[in-house]
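Subject: Handing over a structure

Hi there,

Here is the structure I promised to pass along. Have a look at it first, and then read on for what turned up.

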Amino acid sequence: IDNNGNLDTMASNFNDLEKISNTLLLVITGASFVILFLIFIFWIKNRTNEIGILLSIGIAKGKILLQILTEAVLIGILALALSFLIAPAVSNAAADYLVGQQAGQAELQDEMDAGKVATDYQAPELTVTNVETEITSYMLLVDSLSVGILIVLSTCAASVLIFRKNPKDILSEMS
């Protein structure tokens with residue numbers, strides 16, 4: 001029984017955390033696109049000679065782009081697999097930390113309110129025994145699709161810079 005409303009306060013804080021998390025997720029997605037775009041520009045610039053030679057021997061731009069995309073997706077799959085392995089531990093640690101912070105704030109509030117009201121009532125001690133987090137298959141699916149779309153968009157955007165040139169121009173830039 002929670003007569004002090006601590007559970008309601010904790011629940012509202014977690015709902016506010018969801019809104020903040022969604023906003024932060026959008027900011028991170030935008031920043032990730034920019035970072036991946038810059039990485040792929042650097043990657044493709046370093047492979048300009050290879051791309052120029054492949055284009056000059058008649059390999060289609062689409063095939064070269066598909067090769068670059070395949071390499072990027074393989075790296076993305078490895079990164080996703082690693083993130084899925086550590087996600088449960090990170091989620092549990094974050095939830096435990098947040099609950100601990102909330103309990104600490106409730107304790108401080110109780111100390112500040114002590115002596116303000118003269119009653120014989122003693123609030124029961126509120127303890128959180130366990131926090132469970134669950135990472136669902138839906139979350140993993142959405143994350144995988146988001147990362148995949150992010151990789152494809154940033155790779156294609158970076159590839160436009162080199163693929164708009166013809167092989168003669170690319171090869172003439174070689175030193």
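A salt bridge here is a side-chain nitrogen of Lys or Arg within 4 Å of a carboxyl oxygen of Asp or Glu. The structure holds two of them. Before the details, please note that this is a predicted model, in which local features need pLDDT of at least 70 and side-chain atom pairs count only at pLDDT 80 or more, while totals for chains, interfaces and linings use all residues. Residues are numbered from 1 along each chain as its sequence is written, and side-chain values use heavy atoms, leaving out hydrogens and water.

Arg 47 takes part in a salt bridge with Glu 50, at 3.0 Å from N to O. Arg 47 also forms a salt bridge with Glu 71, where the closest N and O atoms are 2.4 Å apart. That pair links distant parts of the chain: Glu 71 lies in helix 3 and Arg 47 in the loop between helix 1 (6–46) and helix 2, 24 residues apart. Helices are DSSP runs of H or I with at least four residues, numbered from the N terminus. Through shared partners, the salt bridges join Arg 47, Glu 50 and Glu 71 into one network.

How accessible are they? Arg 47 is buried (under 20% relative accessible area, with a 1.4 Å probe and protein chains only), at 13%. Glu 50, at 33%, and Glu 71, at 25%, are partly exposed, which means between the 20% limit and the 50% above which a residue is exposed.

Ile 57 is exposed at 60%, and sits in the loop between helix 2 (48–56) and helix 3 (61–113).

Best wishes

Technical notes:
Helices (H or I, at least four residues) and strands (E, at least two) are DSSP runs, numbered from the N terminus.
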